[in-house]
Amino acid sequence: MADLPDLETLRVAIERIDAEILDALRRRMDLADDIARSKLAAASPLRDPRREDLVLRKVREAATSHGLDPHEIERIYRLIMDMSVARQQSLIQRQDTTPLRVGYAGIEGSYSHLAARQRYAGRSGGVLLTGFESGREVLDALRRGELDLALLPIENTSAGSVNETYDLLAEGGATLIGELLSQVDHRLLGLPGARLEDIRTVLSHPQALAQCADFLRRVPWIRPLPEFDTSGAALKVRERNDPTVAAIASESAAQRFGLQVLVRDIQPASGDYTRFVELAREATPVPPDVPCKTTLTVVLEHRPGTLGQVLTALAQRGVNLAKLESRPIPGEPWRYRFFLDLEGHAASAPLIAALGDLEPLTSSMRVLGTYPRAEESRG
Amino acid sequence: MGSPRIAFQGERGAYSEEATRALFGPSAEPVPCPSFRAVFEAVASGQVDGGAVPVENSLAGSVSENVDLLGEFSLPITGELSLRIRHCLLAPAGTTLEGLERVLSHPQALAQCAGFLRQHGITPVGESDTAGSAKRVAQLAPPRTAAIASRAAADLYGLTVLREGIEDAPDNYTRFLSLGAVPVLTGTRIKTSVVLTLENNPGALHAVLGVFASRSLNIIRLESRPLRRPWEYVFCLDLEGAREEPRLSEALDAAARLCRSFRVLGSYRVAD
């Protein structure tokens, strides 16, 4: 026992290490400031729980290889990550201009996140993006005032309308203030080294599976399974670490989760676009010289022929119908709520006249918003 | 026809199998197919006498895939039936509701029972069909796992019905169409279904629908589906009446002249 260092020496050594740990923590927190600034500029979400899970997993693995208890280390890292997020939040609150708070459904790298980045990145004052689990949660946060804007997918060129969004629009509490067209670039992603002929299961959002229906028919040995979102499906492929499982998601999801693109062209050649709607609590005035659309929702009087009469009234007033969608009314089988996208401003003479004609044909009618028409980028 | 062979999508015990019997009677021989497309292909190639496919649910809305396939295959529509859907929670004998952690089913069935699942803290797991998930639960017996499917699936796969009618809204109906073979239906209402595409000019839709509206013909349903070219659509139109009636037949001719493509898929009886 003679060669054991005395207690004082050991305490000095520990103090030195503590100073190193604190210094490393300070440097880590300084980086958090830079991360907050770059997230605001690049329109990336401040907090992404699934990404944090991935980080924690790496930490647990590193802890094990260092001979440390992975669960104890995870507890410490959860605290460090909370500190980092709190630091980023306080930096954002100190900004001179308030960043725009935008919500969407999906995790980082999902098509909704990519669309939000396309629209808001580089905005002066920055953008604070938050990904939610579902469109319903996004809209609830908007209604509670926790968001300035919500961005939700409404229609895709190959899979058609997004029913959930229409049903949410029917509930009210939000106004349509814009629309956005975003190109969708699906890829078949697998683990590095995976081969198409070995894939047995493909995970993705049901809409993405529908958009790639032609491709999936050519590979009948692959069973499609629905997932909550595309990017989440890619993450699952990484986590399962099974070379027979693939995902349909974006190239950016492949990079984020270290997956390989197994097949590039899995979509119709004409290109695939998703139309997103932008929602706010209050309407934004549209200048008179901007081409715009007005969306309204109606429930028709319960008598035969009303749908035809509505369409005739619009035609007689010279109002062009850009899209007509119907959704079932819960509890009233085979009765529908209609959504009409009309060309023109709700305050223009033809629309005012047409809405007047529609009134007696409907049991409820609501204008959901007038908003600038998105540029048609025909593929 | 003695005992017509009728294709349906899904495993044995699917709601679609129930629909084939409701449409064609107990003597019909239901033929399971792995996909909706396979049902259409089996009818088109004559491997079976007819098919039954869901096109709409009163809570979830259209079954888009089948609306697309109706347009693609142009098979004759021969009848319509609304089937009341009662979802059951099925598990191997001995399983209790309290012990459940997961439930497998088709995403639409899971969505229709979302309130029940939340209330009992059960995690929904998506599967490709309802009866198939019952079969999986019966064969693999994963612990603390149930399926949502029909009572018929429980009987077929030897599962226990833990709870019947777990759907959140009671008015849960699915509308099925029969294809090919003609079912014997007693209803008095007749519908005519049309699929059409329009010339790409504004107002084209107005012009076509105006043909029917101006003749006081009732448009029961109008649905649009994407045409795989950005923002162009196939329209599916359900009209009241039979195509042989002079007023409707004349309107169909007039409407066809305004369209790029126009096909009448059938005039058929609606089951009471």
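Two residues are in contact here if their C-beta atoms, placed from the backbone, lie within 7 Å. On that count, 32 residues of chain A meet 30 residues of chain B. This is a predicted model, so keep its cut-offs in mind: local features need pLDDT of at least 70, side-chain atom pairs count only at pLDDT 80 or more, and totals for chains, interfaces and linings use all residues. For bookkeeping, residues are numbered from 1 along each chain as its sequence is written, while chains are lettered from A and ligands numbered from 1 in the order in which they are written.

**Where A meets B**

- On the chain A side, the elements that give two or more residues are strand E8 (223-226), helix H11 (306-316), strand E13 (321-329) and strand E14 (332-343). (Helices, H or I with at least four residues, and strands, E with at least two, are DSSP runs numbered from the N terminus.)
- H11(A) gives the most to that side, with 7 residues.
- By class, the chain A side has 16 nonpolar, 14 polar and 2 charged residues. (Ala, Val, Leu, Ile, Met, Phe, Trp, Tyr, Cys and Pro count as nonpolar, Asp, Glu, Lys and Arg as charged, and the others, Gly among them, as polar.)

**Chain A overall**

- Chain A has 12 helices and 15 strands, and its C-alpha atoms fill a box of roughly 105 × 55 × 40 Å along the principal axes.
- Of its 379 residues, 39% count as buried. (Buried takes 20 or more other C-beta atoms within 10 Å of a residue's own, exposed 12 or fewer, and partly exposed is in between; C-beta atoms are placed from the backbone.)
- Among the contacts in chain A with a separation of 6 or more, 75% are between residues 24 or more positions apart.
- The mean pLDDT of chain A is 88, and 97% of the residues score at least 70. (pLDDT is the predictor's confidence in each residue, from 0 to 100.)

**A look at Ser363(A)**

- Ser363(A) sits in strand E15 (residues 362-372) of chain A, and it counts as exposed because it has 11 C-beta neighbours inside 10 Å.
- Leaving out residues up to four places away in sequence, Ser363(A) touches Val299(A) and Glu301(A).
- Val298(A) is 65 residues from Ser363(A) along the chain, yet their C-alpha atoms are separated by 7.5 Å.

**Chain B overall**

- Chain B has 9 helices and 15 strands, and its C-alpha trace spans about 65 × 45 × 30 Å along the principal axes.
- Buried residues make up 51% of the 272 residues in chain B.
- Of the chain B contacts between residues at least 6 apart in sequence, 72% join residues at least 24 apart.

- In helix H8 (residues 204-213) of chain B, the residues Leu205(B), Val208(B), Leu209(B), Phe212(B) and Ala213(B) are buried. They share one side of H8(B), because they cover an arc of only 140 degrees around the axis, taking the directions from the helix axis to the C-beta atoms.
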